[in-house]
Amino acid sequence: MRDIVVFSGSAHRALAEAICSELGTSLSPSETVRFSNDCLQSQLLANCRQRDVYIVQPLVPPTQDHLMELLLMVDAARGASAASITVVVPHYAYARSDKKDASRISIGGKLVADMMATAGVNRVVTMTLHAPQVHGFFSMPLDHLTAIGELADHYRDSDLSNAVVVSPDFGNAKTASQFARLLGLPVAAGSKQRKADDKVVIDAIVGDVAGKRAIVLDDEIATGGSIVELVSMLERQGVTEISVACTHGLFTGKAVERLRDHPGIAEVVTTDTVPPPADWPALRVRSVAPLFARAIARIHAGESVSSLFDGVDPTHAPPQPKLPL
């Protein structure tokens, strides 16, 4: 790890420190200031010349500030003659803007990827993109990690008899199926229609959930509207207990109050890809810092990152031998 230099933006310094602790290195200092005209300026306070630079910055609210800070830090590293620049973006917020589903609408996921390339990023490490096709937006190598193995470890110590994994929608059903396979459970899915960013309607559950305990798995929880709607439908279907798990627990707006105080939700489990809310001590947070550290160490050594997920998720694991035709 001698030639690695790790910096952190202001979005989630605790995660960057945890990653450095796993790597056995120190988090290098940096400084970002805001001028009176609202412009940002970033300065890296450690030598980057001919070093492999890693910058940790999830895109969390205020997302635009954190994105701009990340780009400025990349520009500073490029100007300081870094050998390579890898951005570690545990939560890539613009992945939700991945398609043209209305006329004259922007596709932010591709635009932000292009901005990173222009700034000088050589590699991106991220986790659980909202849609798999977002991977193709990046012109540089991207290592896409998954947290379902870490989330599954939380439930392995629990009584899983008569339990079922439930996806809030069909788009997440493939990941939910892999998660269910890790736990040896059946899977079900909600039929969801999104009316607006914070309003959804779930009109049916596909799969047998009556009389069972449900583990709801989602990739991201923002306002919590989808989860509350799904919980109401599951209760009407006769589910006896509900646990909620997600990779990115943003919990924006009234999400904490909606989920923390909901009588039908027994627990909520998430990871530390984004900073957890301070006013929710009962929230179960699983750290993904060891996983990111192992990925960084393998990238630095020129080793396989996909082998981290062998036996966890085939879509992230190394290719398997094909049967002869």
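## A tour of helix pairs and an aromatic pair

Select Arg294: this residue is partly exposed, with a relative accessible area of 43%, where buried means under 20%, exposed over 50% and partly exposed in between (1.4 Å probe, protein chains only). The model is predicted, so local features need pLDDT of at least 70, side-chain atom pairs count only at pLDDT 80 or more, and totals for chains, interfaces and linings use all residues. Residues are numbered from 1 along each chain as its sequence is written, and side-chain values use heavy atoms, with hydrogens and water left out.

**Stop 1: α8 and α1**

Arg294 sits in helix α8. Helices (H or I, at least four residues) and strands (E, at least two) are DSSP runs, numbered from the N terminus. Now select residues 289–301 for α8 and 13–23 for α1. Their axes come within 8 Å and cross at roughly 55°. Axes are lines fitted to C-alpha atoms, for helices over the stretch in contact; angles run from 0 to 180 degrees between N-to-C directions. The two helices are therefore oblique to each other (under 35 degrees is roughly parallel, over 145 roughly antiparallel, 65 to 115 roughly perpendicular, the rest oblique).

Show the side chains next. Leu15, Ala18, Ile19, Glu22 and Leu23 of α1 meet Ala289, Pro290, Phe292, Ala293, Ile296 and Ala297 of α8 (contact means heavy atoms within 4.5 Å). By class, this contact of α1 with α8 has ten nonpolar, no polar and one charged. Ala, Val, Leu, Ile, Met, Phe, Trp, Tyr, Cys and Pro count as nonpolar, Asp, Glu, Lys and Arg as charged, and the others, Gly among them, as polar.

**Stop 2: α2 and α3**

From Arg294, jump to Thr63: their C-alpha atoms are separated by 27 Å, and the residues are 231 apart along the chain. Select α2 (residues 63–79) and α3 (residues 108–119). They pack at an angle of about 25°, axes 9 Å apart. α2 and α3 are therefore roughly parallel.

In α2, pick Leu67, Leu70, Leu71, Val74, Asp75 and Arg78; they meet Val112, Met115, Met116, Thr118 and Ala119 in α3. The contact has eight nonpolar, one polar and two charged residues.

**Stop 3: the aromatic pair**

The count comes to three aromatic pairs. Rings of Phe, Tyr and Trp (its six-membered ring) pair if their centres lie within 6.5 Å; planes under 30 degrees apart are stacked, over 60 edge-to-face, the rest tilted. Select Phe251 and Trp280: the pair is edge-to-face, 5.1 Å centre to centre, with 65° between the planes. Phe251 lies in the loop between β12 (241–249) and α7 (255–260), and Trp280 in the loop between β13 (265–271) and β14 (284–286). Phe251 and Trp280 are both buried.
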